[in-house]
Amino acid sequence: AWLRHQAGGFKDQDGFEREVVRHVETTLARSLYNCDESAAYSATALAFRDRLILEWNRTQQRQTFADSKRVYYLSLEFLMGRALDNAMLNVGQKDLAKAGLSDLGFRIEDVIQQEHDAALGNGGLGRLAACFLDSLASLNYPAWGYGLRYRYGIFKQEIIDGYQVEVPDYWLDFNPWEFPRHDVTVDIQFYGNVEKKTNDAGKTVCHWEAGETVKAVAYDVPIPGYATPTTNNLRLWSSKAASGEFDFQKFNSGDYESSVADQQRAETISAVLYPNDNLDRGKELRLKQQYFWVAASLYDIVRRFKKTNRSWKEFPEQVAIQLNDTHPTLAIVELQRILIDLEGLEWDEAWNIVVNTFGYTNHTVLPEALEKWSVPLIQHLLPRHLQIIYDINLYFLQTVERQFPDDREILRDVSIIEESQPKMIRMAFLAIVGSHKVNGVAELHSDLIKTTIFKDFVRIFGPDKFTNVTNGITPRRWLHQANPRLSELIASKTGGHGFLTDLTALNKLELHVNDKAFRKEWAEIKYANKVRLAKHIKATTGVTVNPAALFDVQVKRIHEYKRQQMNIFGAIHRYLALKAMTPEERQKQLPRVSIFGGKAAPGYWMAKQIIHLINSVGAVVNNDKEIGDLLKVVFLEDYNVSKAEMIIPASDISEHISTAGTEASGTSNMKFVLNGGLIIGTCDGANIEITREIDESNIFLFGHLSEEVEELRHTHLYGEHVVDPKLAAVFAEIEKGTFGNPQDFAGMVSAVREHGDYYLVSDDFSSYVDSHAAVDEAYRDQEGWVTKCITSVARMGFFSSDRCINEYAEEIWNVEPLKVEA
Ligand code: 26Q
């Protein structure tokens with residue numbers, strides 16, 4: 001009943017095939033006889049796209065007509081991955097397409113694989129935004145995403161001689177999922193200066209006379225909901241040189257080169273995604289990207305609001321804007337500027353509107369990731385905005401002073417302007433002051449921000465301004481699409497696919513945990529997923545792995561706080577232990593495959609060293625005849641969303657082993673458990689809530705707690721610091737040259753031994769090793785293992801992004817779904 005054949009889908013398989021053939025022959029101008037997989041993908045995508053457009057237009061009309069409050073999700077990253085599979089599943093027509101494509105001589109899996117990932121993000125934050133868009137549409141919320149249309153997404157990673165090499169990701173050659181809106185443009189200004197002027201009403205107003213204008217052009221991407229006609233919009237801005245006239249004059253006067261240079265400069269703004277994850281480097285172009293995107297989006301939002309002819313004070317009743325981290329914080333300043341400079345509102349009235357409109361989500365406590373921009377840079381690029389920031393700070397500090405009359409320290413500590421040389425703007429503080437709600441992304445993280453980096457703001461604004469919304473993931477992509485066989489098996493035991501829209505329905509699985517046939521099929525599906533991954537490993541690395549071995553997976557951005565170095569040290573420890581055994585002892589050991597994947601920021605030297613060590617260890621261990629299947633170490637190149645969809649369902653155990661208190665939430669931990677894998681992890685981020693839901697008997701927890709971290713770090717620096725003996729043996733082996741030139745890895749070793757071991761690798765190493773022994777022990781009991789996996793999946797209902805979006809809607813946005821007829 002939920003299928004939407006009538007509205008947006010194809011009538012039947014024949015209708016689908018006719019559309020595919022039509023696109024091959026007309027849009028692509030090819031004949032069916034030279035239609036390869038790539039053309040079959042293009043035509044299939046175009047056929048589904050045609051259907052989506054109809055629903056998308058209807059949705060926009062319906063939402064405009066209903067005139068209810070809309071959500072705007074501002075994110076510099078949307079890590080969407082592939083769209084075709086998702087579109088087919090969401091409209092309930094994948095089976096039909098499969099049959100149709102097969103009729104035309106294609107396997108649907110191969111056709112799907114032709115699509116290039118939309119990789120407009122770095123990692124967790126960008127993928128979260130993509131899951132949110134899926135949930136917003138699936139739950140029928142009137143919502144738009146706003147982002148940048150980067151010409152180059154996150155770089156493609158190649159591994160050459162064990163080192164990461166970055167290759168540009170030019171992905172726009174053929175992208176059927178975007179619609180250029182050449183009629184939807186906004187002129188964005190930069191530089192220049194500010195003058196005071198008297199307006200018609202005799203009032204003094206500030207006028208910003210800009211030095212440069214760049215055009216923002218809208219590109220729209222339809223976001224289909226699952227089992228609903230709602231198809232929301234993701235609007236991505238692309239930069240272009242403004243107005244031809246100026247250029248034309250230059251051209252005519254012979255200044256052709258400089259007119260080309262102007263164009264290049266304009267297009268550079270949306271050219272490339274910054275590849276840093278959890279690191280802020282104050283680059284001018286990044287600030288230009290932020291303002292360009294924020295100003296275009298706000299202009300668009302305000303334009304839409306104005307069409308409703310309401311008074312300004314109703315703005316927060318019509319518009320909720322969520323800031324995905326501090327990257328869009330300038331939106332706060334821009335809206336205030338629009339209201340006071342362009343619309344003539346008084347400061348206080350305008351500020352009230354601003355604060356009630358915005359919500360801010362924090363994703364990190366790492367000091368190096370907290371955004372700051374230098375005052376001289378903002379002065380240069382956005383002179384009027386700097387004045388407004390100073391005024392926001394002045395009024396804010398005045399209220400703080402009244403509240404805490406004798407406390408001079410607090411004024412310095414909470415000031416939006418840091419009194420350093422040069423002065424810096426603290427974007428998180430600006431975001432807090434300009435929003436009505438601030439949230440963290442898991443319970444521990446939300447508690448930490450309230451007690452550490454933002455504690456003074458809790459005193460000032462009270463605790464109610466700060467809240468928690470634990471992250472979630474979309475079960476459509478991360479179960480139904482990534483693991484279709486498991487999704488079907490679950491459906492057969494829980495009374496259909498209802499769990500895909502109400503994930504708590506998974507709890508019905510617990511009734512079947514002792515069902516023999518069910519357990520057998522469960523285990524077979526996991527095995528089949530491992531066989532598929534083993535093939536991929538063979539094809540891409542040349543390493544043969546045994547699918548019956550325990551697959552131990554750590555895939556995520558490479559970062560010292562995520563501690564891939566501890567994982568590879570652990571693998572070396574395992575290798576040494578195996579080498580020290582007699583052949584008889586060795587025979588009793590459990591075979592294991594240690595699988596890594598993830599990108600290092602191009603400028604992150606230590607992260608690159610970690611990748612190199614993983615590959616160097618693999619080169620030795622994988623070719624050691626004595627070891628054979630007992631240990632393999634592989635690094636999978638170019639981890640991205642579509643690879644995650646294959647890797648995650650194939651894991652037995654995955655690693656989420658950040659130093660306690662450093663990983664805000666983590667979301668892949670949820671994906672792994674949802675796919676019937678267990679996890680080894682620290683008491684950090686969402687691991688804690690996962691443990692609470694699935695029970696501690698179903699997770700392998702180890703390591704120090706976040707409360708202990710500060711003191712340990714202090715002792716490392718000022719007290720005695722002895723490296724754990726097992727870890728010392730690992731270091732000794734590295735230094736013997738077993739894995740190549742020890743100089744190549746000296747940085748990783750000295751970070752622990754000589755430089756204070758900031759991430760507590762040595763402190764946690766022995767409990768990490770013990771925990772892995774417990775994993776082996778548990779895995780030997782295959783029946784017990786399957787019970788743990790089924791039980792865990794049954795208890796994962798909480799971690800749907802649907803639950804998460806409903807919490808945002810109720811607690812922060814005050815918006816309701818728009819009813820749609822079935
Ligand atoms: C900032 C300034 C300049 C250039 C880049 C950046 C930048 C870019 C990306 C800073 C941070 C990011 C990404 C952060 C991120 O992915 N954080 C993750 O967010 C997830 C979703 O909430 C959490 O699950 C992860 O714990 C958190 O690390």
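Start with the ligand: domain 2 (67–82 + 117–470 + 807–813) and domain 3 (483–799) both give residues to its shell, so it lies between them. Those domain bounds come from an automatic or database assignment. You're looking at a predicted model, where local features need pLDDT of at least 70, side-chain atom pairs count only at pLDDT 80 or more, and totals for chains, interfaces and linings use all residues. Residues are numbered from 1 along each chain as its sequence is written.

Now select the shell. There are 24 residues around the ligand, the closest being Gly124, Leu125, Asp280, Ala664 and Ser665; a residue counts if its C-beta atom, placed from the backbone, lies within 6 Å. Helix H6 (residues 124–138) gives the largest share, three residues. Helices here are DSSP runs (H or I, at least four residues), numbered from the N terminus.

Next, pick Tyr72. Together with Phe292, Tyr72 touches the most other members of the largest nonpolar core, which has 226 residues. Such a core is a set of buried Ala, Val, Leu, Ile, Met, Phe, Trp, Tyr and Cys residues joined through C-beta atoms within 7 Å; buried means 20 or more other C-beta atoms within 10 Å of a residue's own, exposed means 12 or fewer, and partly exposed is in between. Leaving out residues up to four places away in sequence, Tyr72 touches Trp144, Tyr146, Ile301, Val319, Ala320 and Ile321 (C-beta atoms within 7 Å).

Last stop: Arg408, in helix H15 (residues 408–414).

Key:
Helices (H or I, at least four residues) and strands (E, at least two) are DSSP runs, numbered from the N terminus. Two residues are in contact if their C-beta atoms, placed from the backbone, lie within 7 Å.
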